[in-house]
Amino acid sequence: MMLRRGFILFLPRLVGLLVVSCCSMSIVYMLACTPKGDNQQFALPRVHSPTVKEGYEVILQEQEEQHRNYIISLKKQIAQLKVELQGRTEQLKSMQNQYPDSLDIQLGHSKPEKAQANLLAFLRSQVDKAEVHSGVKLSTEYAAVPFESFTLQKVYQLETGLTRHPEEKPIRKDKRDELIEVIELAVGSLNKPDGISKAKPRVYTASDFVEGIYRTEKNKGTLYELTFKGDAKHQFKKIVLFRPFGPVMKVKNENVNMADTLINVIVPLAKRASKFRQFMQNFREMGIQQDGRIHLTVVYFGKEQMNEVKSILENTSKSANFKNFTFIQLNEEFSRGKGLDVGARFWKGNNVVLFFCDVDIYFTAEFLNSCRLNAQPGKKVFYPVLFSQYNPSIIYGHHDSIPSLEQQLTIKKETGFWRDFGFGMTCQYRSDFINIGGFDLDIKGWGGEDVHLYRKYLHSNLMVIRTPVRGLFHLWHEKQCLDELTPEQYKMCMQSKAMNEASHDQLGMLVFKQEIETHLHRQKLSNKKT
(Lines give C-alpha, C1' and ligand atoms only; values in the text may rest on other atoms or scores of the structure.)
Protein backbone atom coordinates (compact mmCIF):
# COMPACT_ATOMS: atom_id res chain seq x y z
CA MET A 1 0.00 0.00 0.00
CA MET A 2 2.84 2.39 0.81
CA LEU A 3 4.29 1.71 -2.67
CA ARG A 4 1.02 2.82 -4.24
CA ARG A 5 0.91 5.93 -2.09
CA GLY A 6 4.47 6.82 -2.97
CA PHE A 7 3.76 6.34 -6.68
CA ILE A 8 0.71 8.60 -6.54
CA LEU A 9 2.68 11.27 -4.68
CA PHE A 10 5.32 11.05 -7.45
CA LEU A 11 2.80 11.77 -10.27
CA PRO A 12 2.87 15.59 -9.95
CA ARG A 13 6.67 15.58 -10.16
CA LEU A 14 6.58 13.36 -13.26
CA VAL A 15 4.14 15.65 -15.08
CA GLY A 16 6.26 18.66 -14.14
CA LEU A 17 9.34 16.94 -15.56
CA LEU A 18 7.48 16.27 -18.86
CA VAL A 19 6.53 19.95 -19.21
CA VAL A 20 10.09 21.08 -18.48
CA SER A 21 11.39 18.56 -21.05
CA CYS A 22 9.03 19.93 -23.72
CA CYS A 23 10.15 23.50 -23.07
CA SER A 24 13.80 22.49 -23.17
CA MET A 25 13.35 20.70 -26.50
CA SER A 26 11.64 23.78 -27.96
CA ILE A 27 14.48 26.07 -26.89
CA VAL A 28 17.12 23.74 -28.32
CA TYR A 29 15.21 23.50 -31.58
CA MET A 30 14.95 27.30 -31.85
CA LEU A 31 18.67 27.70 -31.28
CA ALA A 32 19.47 25.08 -33.88
CA CYS A 33 17.08 26.31 -36.57
CA THR A 34 17.27 30.11 -36.22
CA PRO A 35 18.59 31.77 -39.44
CA LYS A 36 21.97 33.39 -39.15
CA GLY A 37 20.79 36.79 -40.40
CA ASP A 38 21.92 38.55 -37.28
CA ASN A 39 25.53 37.54 -37.65
CA GLN A 40 25.87 36.81 -41.37
CA GLN A 41 27.29 39.55 -43.66
CA PHE A 42 25.01 39.62 -46.74
CA ALA A 43 26.47 40.85 -50.03
CA LEU A 44 24.21 43.89 -50.23
CA PRO A 45 24.22 45.87 -53.45
CA ARG A 46 25.82 49.22 -53.41
CA VAL A 47 23.63 52.24 -52.73
CA HIS A 48 24.25 53.85 -56.09
CA SER A 49 23.61 50.60 -58.01
CA PRO A 50 20.53 50.58 -60.24
CA THR A 51 19.41 47.28 -58.74
CA VAL A 52 19.35 48.43 -55.11
CA LYS A 53 15.58 48.14 -54.68
CA GLU A 54 15.28 44.78 -56.39
CA GLY A 55 18.17 43.40 -54.30
CA TYR A 56 16.60 44.37 -51.00
CA GLU A 57 13.27 42.87 -52.05
CA VAL A 58 14.95 39.55 -52.89
CA ILE A 59 16.72 39.45 -49.49
CA LEU A 60 13.51 40.27 -47.60
CA GLN A 61 11.61 37.57 -49.48
CA GLU A 62 14.27 34.99 -48.62
CA GLN A 63 14.21 35.92 -44.91
CA GLU A 64 10.40 35.86 -44.84
CA GLU A 65 10.37 32.42 -46.43
CA GLN A 66 12.90 31.12 -43.88
CA HIS A 67 10.86 32.44 -40.94
CA ARG A 68 7.63 31.03 -42.41
CA ASN A 69 9.19 27.56 -42.69
CA TYR A 70 10.59 27.89 -39.15
CA ILE A 71 7.17 28.79 -37.73
CA ILE A 72 5.51 25.87 -39.55
CA SER A 73 8.14 23.51 -38.15
CA LEU A 74 7.63 24.80 -34.60
CA LYS A 75 3.86 24.42 -34.89
CA LYS A 76 4.24 20.80 -35.99
CA GLN A 77 6.62 20.05 -33.13
CA ILE A 78 4.36 21.72 -30.54
CA ALA A 79 1.39 19.75 -31.85
CA GLN A 80 3.35 16.50 -31.55
CA LEU A 81 4.41 17.38 -28.00
CA LYS A 82 0.81 18.19 -27.05
CA VAL A 83 -0.36 14.82 -28.35
CA GLU A 84 2.42 13.02 -26.48
CA LEU A 85 1.77 14.95 -23.28
CA GLN A 86 -1.96 14.25 -23.52
CA GLY A 87 -1.23 10.55 -23.95
CA ARG A 88 1.10 10.50 -20.97
CA THR A 89 -1.45 12.35 -18.83
CA GLU A 90 -4.22 9.90 -19.75
CA GLN A 91 -1.90 6.99 -19.02
CA LEU A 92 -1.04 8.38 -15.59
CA LYS A 93 -4.71 9.03 -14.81
CA SER A 94 -5.67 5.49 -15.82
CA MET A 95 -2.95 4.10 -13.55
CA GLN A 96 -4.17 6.32 -10.74
CA ASN A 97 -7.74 5.06 -11.21
CA GLN A 98 -6.55 1.50 -10.62
CA TYR A 99 -6.30 2.35 -6.93
CA PRO A 100 -9.78 3.30 -5.66
CA ASP A 101 -8.46 3.87 -2.14
CA SER A 102 -5.93 6.45 -3.23
CA LEU A 103 -5.31 9.64 -1.34
CA ASP A 104 -6.92 11.74 -4.12
CA ILE A 105 -3.82 13.89 -4.34
CA GLN A 106 -3.94 16.33 -7.28
CA LEU A 107 -1.30 16.16 -10.03
CA GLY A 108 -0.66 19.88 -9.69
CA HIS A 109 0.18 22.04 -6.74
CA SER A 110 -3.03 24.08 -6.80
CA LYS A 111 -4.42 22.46 -3.64
CA PRO A 112 -1.49 21.69 -1.32
CA GLU A 113 -3.71 21.97 1.77
CA LYS A 114 -6.00 19.17 0.53
CA ALA A 115 -3.04 16.96 -0.37
CA GLN A 116 -1.53 17.49 3.06
CA ALA A 117 -4.84 16.73 4.77
CA ASN A 118 -5.26 13.52 2.74
CA LEU A 119 -1.74 12.43 3.57
CA LEU A 120 -2.32 13.07 7.28
CA ALA A 121 -5.56 11.09 7.14
CA PHE A 122 -3.72 8.18 5.54
CA LEU A 123 -0.98 8.21 8.14
CA ARG A 124 -3.59 8.25 10.89
CA SER A 125 -5.32 5.26 9.32
CA GLN A 126 -1.99 3.44 9.33
CA VAL A 127 -1.64 4.22 13.03
CA ASP A 128 -5.10 2.78 13.64
CA LYS A 129 -4.16 -0.41 11.79
CA ALA A 130 -1.06 -0.74 13.96
CA GLU A 131 -3.14 -1.25 17.14
CA VAL A 132 -1.86 1.96 18.72
CA HIS A 133 -5.23 3.01 20.08
CA SER A 134 -7.16 -0.27 20.31
CA GLY A 135 -6.81 -3.98 19.73
CA VAL A 136 -8.23 -6.16 16.95
CA LYS A 137 -9.76 -9.61 17.09
CA LEU A 138 -7.28 -12.40 16.34
CA SER A 139 -7.89 -16.06 15.59
CA THR A 140 -5.13 -18.01 17.36
CA GLU A 141 -2.41 -17.59 19.95
CA TYR A 142 0.15 -17.31 17.14
CA ALA A 143 -1.65 -14.41 15.44
CA ALA A 144 -0.49 -11.78 17.94
CA VAL A 145 2.44 -9.81 16.55
CA PRO A 146 5.21 -9.83 19.19
CA PHE A 147 7.05 -6.68 20.14
CA GLU A 148 10.82 -6.51 20.67
CA SER A 149 12.11 -4.88 23.81
CA PHE A 150 15.36 -2.93 24.05
CA THR A 151 17.56 -0.72 26.19
CA LEU A 152 20.22 1.80 25.17
CA GLN A 153 22.73 -1.04 24.97
CA LYS A 154 20.76 -4.11 23.92
CA VAL A 155 17.81 -5.34 21.91
CA TYR A 156 15.92 -8.31 23.34
CA GLN A 157 14.48 -9.73 20.15
CA LEU A 158 12.15 -12.70 19.99
CA GLU A 159 12.56 -15.39 17.37
CA THR A 160 9.17 -15.42 15.66
CA GLY A 161 7.24 -18.41 14.41
CA LEU A 162 5.54 -21.29 16.16
CA THR A 163 8.21 -21.72 18.84
CA ARG A 164 11.32 -22.86 16.96
CA HIS A 165 10.09 -24.58 13.83
CA PRO A 166 12.47 -24.12 10.86
CA GLU A 167 9.46 -23.18 8.70
CA GLU A 168 6.56 -21.05 9.82
CA LYS A 169 3.33 -22.86 9.09
CA PRO A 170 0.74 -21.44 9.19
CA ILE A 171 2.19 -18.05 8.32
CA ARG A 172 1.25 -15.33 10.78
CA LYS A 173 -1.65 -13.22 9.48
CA ASP A 174 0.16 -9.89 9.18
CA LYS A 175 3.02 -11.46 7.22
CA ARG A 176 0.66 -13.46 5.00
CA ASP A 177 -1.40 -10.37 4.08
CA GLU A 178 1.77 -8.44 3.28
CA LEU A 179 3.21 -11.11 0.96
CA ILE A 180 -0.12 -11.72 -0.80
CA GLU A 181 -0.34 -8.00 -1.59
CA VAL A 182 3.20 -7.99 -2.98
CA ILE A 183 2.59 -11.05 -5.19
CA GLU A 184 -0.67 -9.57 -6.54
CA LEU A 185 1.09 -6.31 -7.37
CA ALA A 186 3.89 -8.22 -9.14
CA VAL A 187 1.38 -10.26 -11.18
CA GLY A 188 -0.42 -7.07 -12.18
CA SER A 189 2.86 -5.52 -13.27
CA LEU A 190 3.74 -8.57 -15.39
CA ASN A 191 0.34 -8.49 -17.11
CA LYS A 192 0.56 -4.81 -17.97
CA PRO A 193 1.11 -4.32 -21.76
CA ASP A 194 4.56 -3.01 -22.60
CA GLY A 195 3.44 -1.35 -25.86
CA ILE A 196 6.39 -2.79 -27.79
CA SER A 197 5.67 -6.44 -28.55
CA LYS A 198 2.85 -7.08 -31.03
CA ALA A 199 2.48 -10.72 -30.04
CA LYS A 200 -0.38 -11.77 -27.81
CA PRO A 201 0.88 -11.21 -24.26
CA ARG A 202 1.03 -14.08 -21.79
CA VAL A 203 -1.26 -13.84 -18.80
CA TYR A 204 0.59 -14.44 -15.52
CA THR A 205 -1.09 -15.73 -12.39
CA ALA A 206 0.02 -16.36 -8.82
CA SER A 207 0.65 -20.01 -9.75
CA ASP A 208 3.63 -18.81 -11.87
CA PHE A 209 5.35 -17.49 -8.75
CA VAL A 210 8.50 -19.51 -7.99
CA GLU A 211 10.11 -17.88 -4.98
CA GLY A 212 10.81 -14.55 -3.38
CA ILE A 213 13.13 -12.92 -0.89
CA TYR A 214 12.65 -9.77 1.16
CA ARG A 215 14.63 -7.69 3.60
CA THR A 216 13.46 -4.91 5.89
CA GLU A 217 15.58 -1.99 7.04
CA LYS A 218 13.48 -0.29 9.66
CA ASN A 219 14.55 3.26 8.79
CA LYS A 220 14.18 2.78 5.02
CA GLY A 221 11.66 0.16 3.94
CA THR A 222 11.23 -3.37 2.64
CA LEU A 223 12.84 -4.67 -0.53
CA TYR A 224 11.17 -7.59 -2.35
CA GLU A 225 12.63 -9.69 -5.16
CA LEU A 226 10.11 -12.09 -6.71
CA THR A 227 10.80 -14.75 -9.35
CA PHE A 228 8.17 -16.05 -11.78
CA LYS A 229 8.23 -18.74 -14.47
CA GLY A 230 9.29 -17.48 -17.89
CA ASP A 231 8.20 -18.50 -21.38
CA ALA A 232 10.60 -21.45 -21.60
CA LYS A 233 11.92 -24.10 -19.24
CA HIS A 234 14.98 -22.24 -18.04
CA GLN A 235 13.64 -18.72 -18.38
CA PHE A 236 12.31 -16.63 -15.52
CA LYS A 237 10.81 -13.24 -14.85
CA LYS A 238 12.10 -11.26 -11.89
CA ILE A 239 10.19 -8.38 -10.32
CA VAL A 240 11.80 -6.06 -7.77
CA LEU A 241 9.50 -4.02 -5.54
CA PHE A 242 10.15 -1.63 -2.69
CA ARG A 243 7.82 -0.51 0.08
CA PRO A 244 9.16 2.76 1.53
CA PHE A 245 8.49 3.73 5.12
CA GLY A 246 7.11 7.08 6.16
CA PRO A 247 8.67 9.36 8.75
CA VAL A 248 8.38 8.71 12.47
CA MET A 249 5.19 10.27 13.87
CA LYS A 250 4.41 11.41 17.37
CA VAL A 251 1.22 9.60 18.29
CA LYS A 252 0.91 10.25 22.00
CA ASN A 253 2.62 12.26 24.71
CA GLU A 254 1.26 11.61 28.18
CA ASN A 255 2.30 11.48 31.81
CA VAL A 256 1.82 8.10 33.48
CA ASN A 257 1.61 8.09 37.28
CA MET A 258 1.98 4.60 38.76
CA ALA A 259 2.68 5.69 42.34
CA ASP A 260 -0.62 4.28 43.64
CA THR A 261 -0.94 1.31 41.28
CA LEU A 262 -1.02 -1.87 43.34
CA ILE A 263 -0.07 -5.29 41.96
CA ASN A 264 -1.70 -8.40 43.39
CA VAL A 265 0.70 -11.31 42.84
CA ILE A 266 -1.33 -14.55 42.80
CA VAL A 267 0.54 -17.83 43.31
CA PRO A 268 -1.23 -21.23 43.20
CA LEU A 269 0.67 -23.82 45.21
CA ALA A 270 0.64 -27.44 46.38
CA LYS A 271 3.52 -28.73 48.55
CA ARG A 272 6.91 -27.42 47.24
CA ALA A 273 7.69 -25.62 50.51
CA SER A 274 11.42 -25.32 49.70
CA LYS A 275 10.65 -23.60 46.38
CA PHE A 276 8.22 -21.27 48.15
CA ARG A 277 10.97 -20.27 50.58
CA GLN A 278 13.21 -19.33 47.63
CA PHE A 279 10.31 -17.45 46.03
CA MET A 280 9.68 -15.45 49.20
CA GLN A 281 13.32 -14.36 49.33
CA ASN A 282 12.90 -12.87 45.85
CA PHE A 283 9.47 -11.42 46.75
CA ARG A 284 10.84 -9.76 49.88
CA GLU A 285 13.81 -8.12 48.14
CA MET A 286 12.13 -7.03 44.90
CA GLY A 287 8.48 -6.72 45.85
CA ILE A 288 8.57 -5.45 49.44
CA GLN A 289 11.89 -3.63 49.83
CA GLN A 290 12.41 -2.17 46.35
CA ASP A 291 8.88 -1.76 44.99
CA GLY A 292 6.55 -1.58 48.00
CA ARG A 293 3.27 -1.37 46.02
CA ILE A 294 2.44 -5.06 46.10
CA HIS A 295 0.06 -7.63 47.56
CA LEU A 296 0.57 -11.41 47.68
CA THR A 297 -2.21 -13.97 47.40
CA VAL A 298 -1.28 -17.63 47.94
CA VAL A 299 -3.90 -20.22 46.98
CA TYR A 300 -2.86 -23.51 48.58
CA PHE A 301 -4.23 -26.92 47.59
CA GLY A 302 -4.40 -29.68 50.18
CA LYS A 303 -2.85 -29.78 53.64
CA GLU A 304 0.51 -31.49 53.10
CA GLN A 305 3.35 -29.00 53.89
CA MET A 306 0.70 -26.29 54.39
CA ASN A 307 1.88 -25.38 57.89
CA GLU A 308 5.46 -24.97 56.64
CA VAL A 309 4.29 -22.68 53.84
CA LYS A 310 2.19 -20.59 56.25
CA SER A 311 5.15 -20.34 58.61
CA ILE A 312 7.41 -19.01 55.80
CA LEU A 313 4.76 -16.43 54.90
CA GLU A 314 4.23 -15.32 58.51
CA ASN A 315 7.96 -15.04 59.21
CA THR A 316 8.41 -12.82 56.17
CA SER A 317 5.46 -10.72 57.30
CA LYS A 318 6.99 -10.15 60.73
CA SER A 319 10.58 -9.53 59.66
CA ALA A 320 9.63 -7.17 56.82
CA ASN A 321 6.59 -5.62 58.54
CA PHE A 322 4.50 -6.73 55.58
CA LYS A 323 0.75 -7.15 56.04
CA ASN A 324 -0.46 -7.14 52.42
CA PHE A 325 -0.93 -10.86 51.92
CA THR A 326 -3.81 -13.32 51.68
CA PHE A 327 -3.68 -17.08 52.27
CA ILE A 328 -6.47 -19.21 50.79
CA GLN A 329 -6.63 -22.95 51.39
CA LEU A 330 -8.59 -25.35 49.13
CA ASN A 331 -9.16 -29.01 49.99
CA GLU A 332 -9.10 -30.34 46.46
CA GLU A 333 -6.82 -31.55 43.69
CA PHE A 334 -4.33 -29.00 42.41
CA SER A 335 -5.47 -26.97 39.42
CA ARG A 336 -3.44 -23.94 38.41
CA GLY A 337 -6.37 -22.33 36.61
CA LYS A 338 -8.69 -22.85 39.59
CA GLY A 339 -6.13 -21.39 42.01
CA LEU A 340 -5.56 -18.25 39.93
CA ASP A 341 -9.29 -17.81 39.32
CA VAL A 342 -10.11 -18.11 43.02
CA GLY A 343 -7.31 -15.72 43.97
CA ALA A 344 -8.44 -13.10 41.43
CA ARG A 345 -12.09 -13.22 42.46
CA PHE A 346 -11.28 -13.17 46.20
CA TRP A 347 -9.98 -9.59 45.93
CA LYS A 348 -12.59 -7.13 47.27
CA GLY A 349 -10.77 -3.82 46.93
CA ASN A 350 -10.57 -1.36 44.03
CA ASN A 351 -9.58 -2.45 40.53
CA VAL A 352 -6.08 -3.91 40.78
CA VAL A 353 -3.36 -5.25 38.47
CA LEU A 354 -3.21 -9.05 38.72
CA PHE A 355 0.15 -10.74 38.18
CA PHE A 356 -0.44 -14.48 37.66
CA CYS A 357 2.78 -16.05 38.87
CA ASP A 358 4.34 -19.42 39.73
CA VAL A 359 6.54 -20.39 42.63
CA ASP A 360 9.51 -21.08 40.33
CA ILE A 361 9.55 -17.54 38.92
CA TYR A 362 12.13 -14.84 39.68
CA PHE A 363 11.21 -11.22 38.93
CA THR A 364 12.90 -7.84 39.35
CA ALA A 365 11.51 -4.48 40.46
CA GLU A 366 11.94 -3.28 36.85
CA PHE A 367 9.57 -6.00 35.70
CA LEU A 368 6.91 -4.88 38.18
CA ASN A 369 7.01 -1.42 36.58
CA SER A 370 6.72 -3.02 33.12
CA CYS A 371 3.74 -4.96 34.45
CA ARG A 372 2.00 -1.71 35.41
CA LEU A 373 2.92 0.21 32.26
CA ASN A 374 1.76 -2.46 29.81
CA ALA A 375 -1.63 -3.20 31.37
CA GLN A 376 -4.52 -0.77 31.03
CA PRO A 377 -8.11 -1.48 32.09
CA GLY A 378 -10.40 -1.97 29.12
CA LYS A 379 -7.54 -1.53 26.64
CA LYS A 380 -4.42 -3.64 27.18
CA VAL A 381 -3.28 -6.90 28.80
CA PHE A 382 0.39 -7.82 29.18
CA TYR A 383 1.75 -11.24 28.22
CA PRO A 384 5.53 -11.06 28.74
CA VAL A 385 7.86 -13.66 27.27
CA LEU A 386 10.11 -14.74 30.12
CA PHE A 387 13.66 -16.09 29.94
CA SER A 388 13.75 -19.76 30.91
CA GLN A 389 16.86 -21.05 32.67
CA TYR A 390 18.61 -24.26 31.61
CA ASN A 391 19.71 -26.93 34.08
CA PRO A 392 22.58 -25.31 36.03
CA SER A 393 24.26 -28.67 36.65
CA ILE A 394 24.67 -29.06 32.87
CA ILE A 395 25.56 -25.43 32.12
CA TYR A 396 28.17 -25.19 34.87
CA GLY A 397 29.13 -28.87 35.00
CA HIS A 398 32.73 -28.09 34.03
CA HIS A 399 33.03 -25.42 36.76
CA ASP A 400 34.31 -26.06 40.27
CA SER A 401 30.98 -24.90 41.70
CA ILE A 402 27.62 -23.59 40.52
CA PRO A 403 27.39 -19.78 40.81
CA SER A 404 24.81 -18.07 43.01
CA LEU A 405 21.28 -17.64 41.69
CA GLU A 406 21.78 -13.92 40.95
CA GLN A 407 24.92 -14.71 38.93
CA GLN A 408 23.08 -17.39 36.96
CA LEU A 409 20.39 -14.98 35.77
CA THR A 410 22.08 -13.75 32.60
CA ILE A 411 20.40 -13.65 29.20
CA LYS A 412 22.65 -15.69 26.91
CA LYS A 413 22.01 -18.55 24.53
CA GLU A 414 24.18 -20.81 26.73
CA THR A 415 22.13 -20.14 29.87
CA GLY A 416 18.52 -20.31 28.66
CA PHE A 417 15.95 -19.39 26.03
CA TRP A 418 12.95 -17.13 25.47
CA ARG A 419 9.93 -19.18 26.54
CA ASP A 420 7.76 -18.03 23.65
CA PHE A 421 5.43 -21.04 23.89
CA GLY A 422 4.34 -20.16 27.44
CA PHE A 423 1.44 -17.86 28.30
CA GLY A 424 1.14 -18.47 32.05
CA MET A 425 2.82 -15.32 33.39
CA THR A 426 0.58 -12.36 32.67
CA CYS A 427 -0.39 -8.92 34.01
CA GLN A 428 -3.96 -7.72 33.57
CA TYR A 429 -6.50 -5.69 35.46
CA ARG A 430 -9.01 -7.62 37.54
CA SER A 431 -11.91 -5.93 35.73
CA ASP A 432 -10.68 -7.29 32.38
CA PHE A 433 -10.19 -10.76 33.85
CA ILE A 434 -13.75 -10.80 35.24
CA ASN A 435 -15.27 -9.41 32.03
CA ILE A 436 -13.49 -11.97 29.84
CA GLY A 437 -14.88 -14.82 31.93
CA GLY A 438 -11.76 -15.95 33.81
CA PHE A 439 -10.17 -19.39 33.49
CA ASP A 440 -11.75 -22.57 32.20
CA LEU A 441 -12.26 -24.44 35.48
CA ASP A 442 -12.81 -27.76 33.70
CA ILE A 443 -9.08 -27.97 32.96
CA LYS A 444 -7.31 -29.98 35.67
CA GLY A 445 -3.61 -30.43 36.48
CA TRP A 446 -0.78 -28.99 34.41
CA GLY A 447 -1.08 -26.85 31.29
CA GLY A 448 -3.78 -25.64 28.91
CA GLU A 449 -5.57 -23.12 31.12
CA ASP A 450 -3.18 -20.28 30.24
CA VAL A 451 -3.56 -20.74 26.46
CA HIS A 452 -7.35 -20.84 26.82
CA LEU A 453 -7.38 -17.49 28.65
CA TYR A 454 -4.88 -16.00 26.18
CA ARG A 455 -7.13 -16.94 23.26
CA LYS A 456 -10.07 -15.23 24.94
CA TYR A 457 -8.16 -11.95 24.93
CA LEU A 458 -7.10 -12.44 21.33
CA HIS A 459 -10.75 -12.85 20.34
CA SER A 460 -11.67 -9.64 22.17
CA ASN A 461 -11.01 -6.00 21.30
CA LEU A 462 -8.30 -5.65 23.93
CA MET A 463 -4.74 -5.17 22.79
CA VAL A 464 -2.38 -8.00 23.75
CA ILE A 465 1.16 -6.80 24.48
CA ARG A 466 3.54 -9.67 23.80
CA THR A 467 7.24 -8.98 24.28
CA PRO A 468 10.35 -10.55 25.83
CA VAL A 469 11.32 -8.90 29.11
CA ARG A 470 14.72 -8.89 30.75
CA GLY A 471 13.45 -8.94 34.36
CA LEU A 472 11.37 -12.14 34.42
CA PHE A 473 13.00 -15.59 34.72
CA HIS A 474 11.75 -19.14 34.94
CA LEU A 475 14.08 -20.98 37.32
CA TRP A 476 15.06 -24.48 36.35
CA HIS A 477 13.54 -27.33 38.29
CA GLU A 478 13.17 -31.01 37.55
CA LYS A 479 9.81 -31.52 35.92
CA GLN A 480 7.60 -34.48 36.75
CA CYS A 481 5.03 -35.45 34.13
CA LEU A 482 2.34 -37.42 35.99
CA ASP A 483 0.55 -40.43 34.55
CA GLU A 484 -2.90 -38.98 35.23
CA LEU A 485 -2.37 -36.16 32.71
CA THR A 486 -4.30 -36.34 29.45
CA PRO A 487 -2.28 -37.38 26.37
CA GLU A 488 -2.15 -33.77 25.14
CA GLN A 489 -1.08 -32.44 28.55
CA TYR A 490 1.53 -35.19 28.93
CA LYS A 491 2.97 -34.37 25.50
CA MET A 492 3.17 -30.67 26.38
CA CYS A 493 4.82 -31.52 29.69
CA MET A 494 7.47 -33.72 28.05
CA GLN A 495 8.22 -31.10 25.38
CA SER A 496 8.69 -28.49 28.09
CA LYS A 497 10.91 -30.88 30.05
CA ALA A 498 13.16 -31.51 27.04
CA MET A 499 13.55 -27.83 26.20
CA ASN A 500 14.35 -26.90 29.81
CA GLU A 501 17.45 -29.07 30.18
CA ALA A 502 20.07 -27.45 27.95
CA SER A 503 20.79 -25.88 24.58
CA HIS A 504 21.08 -27.91 21.39
CA ASP A 505 24.89 -27.74 21.55
CA GLN A 506 25.03 -28.73 25.20
CA LEU A 507 22.71 -31.68 24.70
CA GLY A 508 24.82 -32.74 21.74
CA MET A 509 27.91 -32.74 23.91
CA LEU A 510 26.13 -35.06 26.35
CA VAL A 511 25.00 -37.41 23.58
CA PHE A 512 28.52 -37.66 22.15
CA LYS A 513 30.26 -37.59 25.50
CA GLN A 514 31.68 -41.12 25.08
CA GLU A 515 33.10 -40.35 21.64
CA ILE A 516 34.69 -37.14 22.91
CA GLU A 517 36.28 -38.91 25.87
CA THR A 518 37.59 -41.69 23.59
CA HIS A 519 39.12 -39.09 21.26
CA LEU A 520 40.78 -37.26 24.15
CA HIS A 521 42.17 -40.55 25.50
CA ARG A 522 43.68 -41.41 22.10
CA GLN A 523 45.21 -37.95 21.82
CA LYS A 524 46.76 -38.38 25.25
CA LEU A 525 48.30 -41.74 24.34
CA SER A 526 49.59 -40.34 21.05
CA ASN A 527 51.29 -37.45 22.81
CA LYS A 528 53.01 -39.82 25.23
CA LYS A 529 54.46 -41.88 22.38
CA THR A 530 55.90 -38.80 20.73
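**Aromatic contacts and helix packing in the predicted model**

At 6% relative accessibility, F473 counts as buried, because buried means under 20% relative accessible area. This value, like those that follow, comes from a predicted model. The aromatic partner of F473 is F387. F387 is also buried, at 4% relative accessibility. The two ring centres are 6.3 Å apart and the planes stand at 80 degrees, so the pair is edge-to-face. The angle decides the label, because planes over 60 degrees apart count as edge-to-face. The pair links distant parts of the chain. F387 belongs to strand β11 (residues 380-389), while F473 belongs to strand β14, and 86 residues separate them.

Strand β14 spans residues 463-474 and includes H474. H474 is buried, with a relative accessible area of 7%.

The structure holds 20 of them. One is formed by F355 and F363, whose ring centres lie 6.0 Å apart with planes at 85 degrees, so this pair too is edge-to-face. F355 counts as buried, at 0% relative accessibility. F363 is buried as well, with a relative accessible area of 0%. Both residues belong to one aromatic cluster. The cluster is formed by F276, F279, F283, F322, F355, F363, F367 and F382. A ring can also meet a charged side chain. R466 lies over the face of Y454, at 5.9 Å from the ring centre.

Helix packing was examined next. Helix α5 covers residues 273-291 and helix α6 covers residues 306-320. Their axes are 10 Å apart and the helices pack at an angle of about 20 degrees. That angle makes α5 roughly parallel to α6, because angles under 35 degrees count as roughly parallel. The crossing of α5 past α6 is right-handed. On the α5 side, the residues that meet α6 are A273, F276, R277, M280, R284 and I288. On the α6 side, they are E308, V309, I312, L313, T316, S319 and A320. F276 connects the two themes: this residue is part of the aromatic cluster and also part of the α5 side of the helix contact.

Terms used:
Residues numbered from 1 in each chain as written. Predicted model: local features only at pLDDT ≥ 70, side-chain atom pairs only at ≥ 80, totals over all residues. Heavy atoms only, no water. Helix = DSSP H or I, 4+ residues; strand = E, 2+ residues; numbered from the N terminus. Buried < 20%, exposed > 50% of the residue type's maximum accessible area, 1.4 Å probe, protein only. Phe/Tyr/Trp six-rings, centres within 6.5 Å; stacked < 30°, edge-to-face > 60°. Lys NZ or Arg CZ within 6 Å of the ring centre and 35° of its normal. Axes fitted to C-alpha atoms, helices over the stretch in contact; angles between N-to-C directions. Parallel < 35°, antiparallel > 145°, perpendicular 65-115°, else oblique. Left-handed = near helix turned anticlockwise from the far one by under 90°. Contact = heavy atoms within 4.5 Å.
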